[in-house]
Structures are given as C-alpha cells and as structure tokens.
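Morning, everyone. I have one structure to go through, and I will keep it short. Please have a look at it first.

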Amino acid sequence: PSDKSLEVMRKFSEQYAKRTDTFFCMDKSVTAVVIKGLAEHKEQLGAPLCPCRHYDDKEAEAAQGFWNCPCVPMRERKECHCMLFLTDDNDFVGDEQDISLDEVKTMTEGF
C-alpha cells in the first residue's frame with residue numbers, strides 16, 4: 001500500500017486506541033502487520049476490511065460493513081480478533097497507543 005494509505009490507517013489506529021482506552025499488542029509487529037492489511041484493503045476495496053479473517057467475497061463483505069474496522073464486535077464489546085486494539089485484561093496487551101510510520105514500514109518488510 002501507499003505511504004498515504006498506511007498513514008491514514010496508522011493515525012486512525014492511534015486515535016481509536018486512545019478514544020476506546022485500548023492498547024496495542026506488546027509485540028508491535030502484530031500492530032504493524034494489521035495496519036498494513038487494513039491499508040491494503042482500503043486501497044483495494046475502498047474500506048478497511050478486517051485483514052485477519054477469511055472471506056469468500058471481500059467486495060461484498062466490505063460493502064456490507066460488519067467487518068470493516070472498527071468492526072461490530074469491537075464497537076459493541078471491545079473484541080478485536082486481530083489483536084490491534086487490546087483491553088488491559090488481555091495477556092498480550094502492551095502499554096503503547098502510538099506507532100510511527102517508520103515502525104509500520106520496517107516491521108512489515110517482506111509481508
């Protein structure tokens with residue numbers, strides 16, 4: 001994905017984590033890979049479809065909206081299948097709500 005798409009999803013992720021009092025994974029490469037997947041879907045489908053699920057028809061799923069980030073389970077129950085947004089009772093929760101564009105790019109080289 002383009003730097004612009006990565007930056008849009010990176011900023012969204014930081015702002016959403018802060019707004020929902022959730023945190024990124026202690027392994028920030030998880031965060032980076034999810035942000036890259038969201039950016040790819042935003043470019044390809046026009047919507048940030050969850051990159052951590054399998055879909056028979058990505059276009060139809062993106063149009064339907066249930067799995068577009070933030071997905072309905074995240075909005076309703078703070079359940080993020082991708083481990084992008086973690087509550088403080090999660091075993092893998094880190095203490096950060098920020099990730100730089102350079103971190104995203106460096107940690108996703110080869111993905």
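This is a predicted model: local features need pLDDT of at least 70, side-chain atom pairs count only at pLDDT 80 or more; totals for chains, interfaces and linings use all residues.

Start with helix H1, residues 3–20, and helix H2, residues 28–45. Their axes are 8 Å apart, and the two helices pack at an angle of about 125°. An angle between 115 and 145 degrees is neither roughly perpendicular nor roughly antiparallel, so H1 is oblique to H2. The crossing of the two, H1 and H2, is right-handed.

Which residues in H1 and H2 meet? On the H1 side they are Ser-5, Leu-6, Val-8, Met-9, Arg-10 and Ser-13. On the H2 side they are Ile-35, Lys-36, Leu-38, Ala-39, Lys-42 and Glu-43. Sorted by class, this contact has six nonpolar, four charged and two polar residues.

Now the loops. Between H1 and H2 there is a loop that holds Asp-21. Asp-21 is not a glycine, yet its phi is positive, near 55°. Another loop runs between helix H3, 58–64, and helix H4, 72–77, and Pro-70 lies in it. The peptide bond joining Cys-69 to Pro-70 is cis, with omega at about -5°.

Cys-69 comes up again in the last item, the cavity. How many cavities of 30 Å³ or more are there? The count is one. The largest cavity has a volume of about 100 Å³. Its lining has 14 residues, and those nearest the centre are Cys-50, Cys-69, Cys-71, Cys-80 and Cys-82. By class, the lining of this largest cavity has 13 nonpolar residues, one polar and no charged.

That is everything I had.

Note on methods. Residues are numbered from 1 along each chain as its sequence is written. Side-chain values use heavy atoms; hydrogens and water are left out. Axes are lines fitted to C-alpha atoms, for helices over the stretch in contact, and angles run from 0 to 180 degrees between N-to-C directions. Helices (H or I, at least four residues) and strands (E, at least two) are DSSP runs, numbered from the N terminus. Angles under 35 degrees count as roughly parallel, over 145 as roughly antiparallel, 65 to 115 as roughly perpendicular and the rest as oblique. A crossing is left-handed if the near helix is turned anticlockwise from the far one by less than a right angle, and right-handed if clockwise. Contact means heavy atoms within 4.5 Å. Ala, Val, Leu, Ile, Met, Phe, Trp, Tyr, Cys and Pro count as nonpolar, Asp, Glu, Lys and Arg as charged, and the others, Gly among them, as polar. On a 1 Å grid over the protein atoms alone, a cavity is a set of points where a 1.4 Å probe fits but cannot get out, and a pocket is an open set with protein on both sides within 12 Å along at least five of seven lines; lining residues have an atom within 4 Å of a point. Grid points are joined across faces, edges and corners, and a volume is the space filled by probe spheres set on the points.
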